[in-house]
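My entries follow the display.

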Amino acid sequence: MTAPLSNQGGQANSGLMQSRPDTDFSADAGLGKDARNGNTGREDASDMALSAAFALQLALNGYQARAVQQVQDDQMGNFNAISRFQGGVESSISILEAYRWENGETEEMLEKLRAACSTSNAWLWRIRFNMDGLQNVSDEQWVLYGAVETTYGSYSALLEELEGYLSSGQDAKASQLYYNKVSVCGGYLSQYTMQLLKASIL
């Protein structure tokens, strides 16, 4: 009787072993998939953040480049205005230096002189307008501009007086005025303008 019981017990144990269900890893597998999906989502969000930061940096760099370019353009515009003003001043000085005070063509000379002064007048105003708009104008530039503006005012007044003498036939007085005052004032004006031109490009 003992042997059958033992066999029955073995069969029972064997049955239990056979009837034990296989372990179900589907839940764990689902969790792993969700975790991988979560990591992928975080990676996508990180990539989007990096892309946005990169685009923002590009936009900022572009704005800074445009701002720098605008400053350079403004400075170049002021340099050009000073150069044009200087051209008018030098032209008037050359016209007077070449004029023959004894028997020169007065009307022709005065016509050229007026044209040169008209050029200088227009560009002197432009210089002041440009400097008011610039943010990095040095004290030296303002001092030099003041010297140019004041000296040019005196120079223009002397030229008007000179024209008056020539128009009335007082060539001797015109000649004396030119050598004693006009040429001297013109020399200072040319010097100050050149210094302002150099200061504008430093």
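Predicted model: local features only at pLDDT ≥ 70, side-chain atom pairs only at ≥ 80, totals over all residues.

I number residues from 1 along each chain as its sequence is written, and side-chain values use heavy atoms, with hydrogens and water left out.

**Overall content.** I found 5 helices and 0 strands, in the order α-α-α-α-α along the sequence. Helices (H or I, at least four residues) and strands (E, at least two) are DSSP runs, numbered from the N terminus.

**Burial.** I looked up the 202 residues of the protein, of which 25% count as buried, meaning under 20% relative accessible area with a 1.4 Å probe, protein chains only.

**Contacts.** I took contacts as heavy atoms within 4.5 Å. Among contacts between residues at least 6 apart in sequence, 76% join residues at least 24 apart.

**Helices α3 and α4.** I recorded that α3 (residues 106–133) and α4 (residues 139–167) pack at an angle of about 160°, with axes 11 Å apart. Axes are lines fitted to C-alpha atoms, for helices over the stretch in contact, and angles run from 0 to 180 degrees between N-to-C directions. The two helices are therefore roughly antiparallel, a label for angles over 145 degrees.

**Helices α4 and α5.** I found that α4 packs against α5 (residues 171–199) at about 160° as well, with axes 8 Å apart. This makes α4 roughly antiparallel to α5.

Terms used:
Parallel < 35°, antiparallel > 145°, perpendicular 65-115°, else oblique. Buried < 20%, exposed > 50% of the residue type's maximum accessible area, 1.4 Å probe, protein only.
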